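Thanks for coming, everyone. Please have a look at the structure on the screen.

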Amino acid sequence: MTRNKVVLVVEYDGSAYKGWQAQKYGVATVQENLEKALSVIANHPVTVICAGRTDAGVHASAQVVHFETDCDRPMRAWTLGVNSHLPADIAVVAARGVSEDFHARFSAISRRYRYVIYSSAIRPAVLSKGVTWTYKPLDVTAMQQACKVFLGTHDFTSFRAIGCQANSPIRTILNFDIQQIGHYIVLDVRANAFLHHMIRNFAGVLMSVGAGEKPAAWAEQVLNAKDRAQGGVTAPPTGLYFVDAQYPEHFDVPQVPLGPHFLPFIQEPAYDLSS
């Protein structure tokens, strides 16, 4: 029997879930819900593998996953059909057949996240779990200056969670951009891979810099310390979105507009996608 491999692009609001990864029975996760819906359409149990697991409360506008199936279904079955069996806060937005050697995690060249801060004296009611609110005015220029020290390959021990299980703290930041659109301040980061809580710890440091509590040079001091205790607070998960995974072109993974979709248009930096 022919075994088919399918790649999906999945959007979800992580507010109601204990993260992406399936856990013990009774713990709500994105993976568990998606696998259940896919299994209904496939008429057999389905297991999915994602590009990058997300924590409790973290969202995705373009999580990439793959699965294998013995059945032959039109691609619309893996979008419209699956979505009819998913809760309203999870949706498959694209599907495509992919070659046998594709792997959502190991084939990825880079991953990209956006961290969305809502800076206003008044807290937001709409999107209260979709942004990180601060009542403090933030100096975006100072934050932009500070974030540049993270570019390149470094030991990011100061920015990994104490319980991070990665074998090495060495990661390569390919792009780090910060833009402001009205009340939104968007941290846009692309790397070969990320450590546990790495972006939320970046955000915690940069928000302290933006609020004037620390100078821009503090970011480099934290990086060089290689000590998580020197890194300040971990920012909340509410503003964090997995927005893209990059793959070699021959895999032809579906592309969707960068999210989250509530953001106004953001001018794209001149990324070197050959990196």
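I'll start with the overall fold, then turn to one helix and one aspartate.

First, the ground rules. This is a predicted model, where local features need pLDDT of at least 70, side-chain atom pairs count only at pLDDT 80 or more, and totals for chains, interfaces and linings use all residues. Residues are numbered from 1 along each chain as its sequence is written, and side-chain values use heavy atoms, with hydrogens and water left out.

The protein has five helices and 10 strands. These are DSSP runs, numbered from the N terminus: helices are H or I, at least four residues, and strands are E, at least two. The radius of gyration, taken over C-alpha atoms, is 19 Å, close to the 19 Å from the globule rule (2.2 Å times the number of residues to the power 0.38) for 275 residues, so the protein is as compact as a globular protein of that length. Of those 275 residues, 53% are buried, meaning under 20% relative accessible area with a 1.4 Å probe, protein chains only.

Now helix H2, residues 75–83. Its buried residues are Ala-77, Trp-78, Thr-79, Gly-81 and Val-82. They pack against strands E1, E3 and E4 and helix H1, with contact meaning heavy atoms within 4.5 Å.

Next, Asp-155, in strand E7. What is the nearest side chain of opposite charge to Asp-155? Lys-226, 5.2 Å away. Asp-155 is buried yet has no salt bridge, which would take a side-chain nitrogen of Lys or Arg within 4 Å of a carboxyl oxygen of Asp or Glu. Leaving aside neighbours within four places in sequence, Asp-155 touches Pro-169, Ile-170, Leu-223 and Lys-226.

How values were computed. Buried means under 20% relative accessible area, exposed over 50%, partly exposed in between (1.4 Å probe, protein chains only). Lys and Arg count as positive and Asp and Glu as negative; His and the chain ends are not counted.
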